[in-house]
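Here's a quick briefing to read alongside the structure. Have a look at the picture first, then work through the points below.

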Amino acid sequence: MSAPADRLLTRLSQETKLLVAFSGGADSALLAMAAHRALGSGAIAVTAVSASLPASERASARRFAREHGIAHVEVCTDELDDPEYVANTGNRCFHCKTALFDALTPLATMMGASMALGTNLDDLGDHRPGQTAAAQRGAIAPMVDAQLTKADVRAISASWGLVTADKPAAACLSSRIAYGDRVTAEVLGKIEQAEQALHDLGFRELRVRTHADGTLARVEVAERDMAAAFDSRDDILRILDRAGFVFGSLDLRGLRSGSMNALLSLTPVVR
């Protein structure tokens, strides 16, 4: 077993019971698996279900937990009932994580369990107000404690044979909406529909970002897929039209994690 994996399992073994916030992505999947190995029935993976979680991600999270024998529950979160979340200022993720921990805290209290997020070292330098909410609620970040980077997460996942080892990052659908534009179930549904159709078209790594209150879709694909996307522009436009977008564009800069953060210096936001 690798040194990073040993460090993670050692850190997790310090807990007695643990609730892992489990979205189904590479980070949370590794944490859920590691917690299961370290704590057995004392670890439960918890998936927050809301309009910002694509149905495909919910299904893959269920499948992952079932295939690995990980105890798994789903909780419904109500962030769209929070006007501050809907307003989509720069601290939207703070309100998202607050809703998550509001849902997890009663279960954690009943179990006498800690709550954990799959944050790794590489996440710490980005604009992530959700980490503040996690810290305020006493959630732990075992992979940060174990000094794991994103590369470590993928390497351990591969060595353990996890299908998530090379899974592209998949932030919540709300992260696709330009800061200052309201987050609504309608716009989230349009994004989910368009992204799923683009995946079906053969693009594995992509984002459909929206601007102008969901009327404009800005499609980001991996740089290696730019030529294919340009060649498929008629199909892409049809997909965007069916999803309900008025305008469609292909971002010439390609796929960039957190690209909406470029708006933070331009939009009145709460930091």
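Two strands count as paired if DSSP finds at least two bridges between them. Helices (H or I, at least four residues) and strands (E, at least two) are DSSP runs, numbered from the N terminus. This is a predicted model, where local features need pLDDT of at least 70, side-chain atom pairs count only at pLDDT 80 or more, and totals for chains, interfaces and linings use all residues. Residues are numbered from 1 along each chain as its sequence is written, and side-chain values use heavy atoms, leaving out hydrogens and water.

**Strand β2 and its partners**

- With β1 (residues 18-21), β2 pairs in the parallel sense over four bridges, and Leu19 sits opposite Ile44 of β2.
- With β3 (residues 72-76), β2 also pairs in the parallel sense, over five bridges; here Ala45 has His72 as its bridge partner.

**The crossovers**

- A crossover is right-handed if, with the strands pointing away from you, the path from the first strand over the helix to the second runs clockwise.
- β1, helix α2 (residues 26-39) and β2 form a right-handed β-α-β unit.
- β2, helix α3 (residues 55-68) and β3 form a right-handed β-α-β unit too.

**A look at Ala170**

- You'll find Ala170 in the loop between α8 (150-159) and α9 (185-200).
- Skipping neighbours within four places in sequence, Ala170 is in contact (heavy atoms within 4.5 Å) with Glu57 and Arg207.
- Ala170 and Gly24 are 146 residues apart in sequence, and 9.0 Å apart in space, C-alpha to C-alpha.
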